[in-house]
Amino acid sequence: MSTSALGSGGTSHYPRGMANEAIRERRGERQFGRTVLLLVTLGFAAVLAAGLFAATVLLRGQDQAQWVDHTHQVERQVMAIRLTLEEMRSARRGEVLRIAGDSGATYADASARFFRAIDSVGRLTVDNPLQQRNVARMRVLAKRLDSMFAASLLSGTALSTESERERQATASQVQMLANRMLAEEVRLLDIRTAAQRESIRIFFVVLAVCGGLVAFVGFGSVWVIRRYTQELKTSGDQLQLLNDNLELAVAERTTDLQRANDEIQRFAYIVSHDLRSPLVNVMGFTAELDASIKPLTALIEKVDEQLPELVTNEARLAVTEDLPESIGFIRTSTQKMDRLINAILRLSREGRRTITPERLDMGLVARGVVDNLQHRIDELGVAVRIASSMPVLTSDRLAIDQILSNLVENAIKYLKPGRPGEIDISGSIAHGRAVIAVKDNGRGIEPRDHERVFDLFRRSGMQDQPGEGIGLAHVRALAYRLGGTINVESELDKGAIFRVNLPVRFAGEKAKDEESDA
Amino acid sequence: MNATQAVNIVMIEDDEGHARLIEKNIRRAGISNPIHHFLDGTSALHFLYEDPEGPAKSGPALILLDLNLPDMSGTDILAKIKGEGPLKRAPVVVLTTTDDKVEIQRCYDLGCNVYITKPVNYESFADAIRQLGLFLSVIQVPDVAEH
């Protein structure tokens, strides 16, 4: 990671980069939500479909099993028809030959069972028209057979061979019909078994497909979640990195600012020193010039006395007026320049001074400031009030003292002529910041000059008071130095309120920096 | 004490105007000792240590030193004079525009005898130099190392 890239170009696109990141992340989140929802829905739908299908297949299977069972029942009854027919025959033979039948049953029993079997087949095959037709024919044949048997029994004698043959034929017809019905049932059974097997097969296929689908959805979800988590982690890491870089950039920027500030301080200091040096010459040689006026004046006077025609008016004026006037202007200008340079020096020195925070009761500080100015206050008849409750700060005593005394001094200095001066000093604390306000009823400051008055060498309003425009610049520099701000609220002729906003507790690390500098 | 030997005044001052003003005021204070003026540190050091007429080779000397010189820092010259060598007892008067506390302390730490800030106000400047002149008239300057 190259810090230089961060220091210069990096910072400018931080917010944009972060916004992009956020948008991408949000979009990704939405997409992820949609995908997961889709997958989960798909999965649940698959499981539901599988369940439903399984239930249907199961129900159908049950149905089919029932049908198979039914077919078996029909088969059994058809077999019973065949069996009872045989019984009927043997019972008739037995009764005819007067011997007990094989089954020991009477013909009546056998025939009753025969008809019952036919009836039950009829009942069982209600749904099958083919079998119903067969049953109907069977009934007709059975009745005819039964009456034939009954006739043969009643007669007690052997009947004609013709009737015997007819009976035989009918019996075999019944037999054949039963066989046909059996065959039909076997056919049905085959179909139904096949259908059952088919549905089971389908069931398994569907189950397999659903299983596959569930597995796919599961794997898909896991994959998507994993990928998303990965992305989340990556972007989290990136965010962390950005955050670290930002801190680094801020630290670097702070150091840069500190360095720039130090540079300005040093610059101001060196410049003011080097400006002073030529000033010494200007003032020194001006004094030399001034000193040489005296012998010149003496000479002029002497010549004037002895040889008045030699002295021109110009020469006299030059010595008596022009020279002193020029020297006077040079003097006042250099003196002013000296004051300005001293002001820069003082500000620069103030910036280098070590701040020593201590506990300050602003009430006492304000009292001290007012006491120092008491002489002028009494002279001008100004009423100064200090609020009863003033905040307590931890800050630099000298700086606070200078801020307050500059503000009060200004309030005294710029009173409205003809209006008794009133100055109120108050203070309050809110959110860890103390606000010290100095309010006056003086001549006020035009709103357009509100920023200007804090600039070095700038003044506002009538220039009827001595001063270089240093006080408020100094106050603002001090306030900044203490981590505070200052503003003014004023209108022309309506007084002014200067509010200094300071941290209740001076941030110590800056002081330490300064100490290590000194 | 060698009273017959004149004390040389070595003035190291890059500003000719200042040098002239200083000289004038010293003369006004009634000091007539020879004043050797140097505009930069290199030639001054050469005179102090190498020149046959320089204080290291002959006669006692008093040094007026400005701190802001074009080629080297006045404090470096001060450190050299006050370090080991024939001139370590020679009185040094630092006469400069710098009134920074740290700088003043540093000069005294290095062994400067008097530190005077040049006042911009000419009256006080002239006054300071005159007083320096009075001071110079009573000061006892040690001989350089015997040879």
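Modeller: A residue is called buried under 20% relative accessible area, exposed over 50%, and partly exposed in between. The model discussed here is predicted.

Biologist: Is Glu84(B) buried or exposed?

Modeller: Glu84(B) takes part in a salt bridge with Lys88(B), whose closest N and O atoms are 3.4 Å apart. Lys88(B) has a relative accessible area of 31% and is therefore partly exposed. Glu84(B) has a relative accessible area of 69%, above the 50% cut-off, so this residue counts as exposed.

Biologist: Which residues are joined into one network by salt bridges that share partners?

Modeller: One of the salt bridges concerned links the side chains of Asp449(A) and Arg452(A) at 3.8 Å, N to O. Asp449(A) is buried at 6% relative accessible area, while Arg452(A) is partly exposed at 35%. Salt bridges with shared partners connect these two with others into one network, whose members are Glu446(A), Arg448(A), Asp449(A) and Arg452(A).

Biologist: What separates Lys233(A) and Asp237(A) in helix H5 of chain A?

Modeller: The two side chains meet in a salt bridge of 3.5 Å, N to O. Lys233(A) is exposed, with 52% relative accessible area, and Asp237(A) is partly exposed, with 43%. Both lie in helix H5 (residues 161–306) of chain A, four residues apart, so their separation is about one helical turn.

Biologist: How many salt bridges are there between chain B and chain A?

Modeller: Side chains of opposite charge can pair when their charged atoms come close. Lys24(B) and Glu288(A) form a salt bridge, with their closest N and O atoms 3.1 Å apart. Between chain B and chain A, the number of salt bridges is two.

Biologist: Which helix gives the largest share of the side of chain B that touches chain A?

Modeller: The contact involves 17 residues of chain B and 15 residues of chain A, and the two chains bury about 1,500 Å² between them, 53% of it on carbon and sulfur atoms. Five residue pairs across the chains are in polar contact. Helix H1 (16–28) and helix H5 (122–138) of chain B each supply at least two residues of that side. The largest share, six residues, belongs to H1(B).

Biologist: How many aromatic pairs are found over all chains?

Modeller: Phe114(A) and Phe115(A) form an edge-to-face pair, 5.6 Å centre to centre with 65 degrees between the planes. Phe38(B) and Phe47(B) form a tilted pair at 4.9 Å and 40 degrees, and both are buried. Over all chains, the number of aromatic pairs is four.

Key. Residues are numbered from 1 along each chain as its sequence is written. Chains are lettered from A and ligands numbered from 1 in the order in which they are written. This is a predicted model: local features need pLDDT of at least 70, side-chain atom pairs count only at pLDDT 80 or more; totals for chains, interfaces and linings use all residues. Side-chain values use heavy atoms; hydrogens and water are left out. Rings of Phe, Tyr and Trp (its six-membered ring) pair if their centres lie within 6.5 Å; planes under 30 degrees apart count as stacked, over 60 as edge-to-face and the rest as tilted. Buried means under 20% relative accessible area, exposed over 50%, partly exposed in between (1.4 Å probe, protein chains only). Contact means heavy atoms within 4.5 Å. Buried area is the accessible area (1.4 Å probe) that two parts lose on being put together, summed over both. A salt bridge is a side-chain nitrogen of Lys or Arg within 4 Å of a carboxyl oxygen of Asp or Glu. A polar contact is a pair of N or O atoms within 3.5 Å; within protein, one must be able to donate a hydrogen and the other to accept it, and residues adjacent in sequence count only if both atoms are side-chain atoms.
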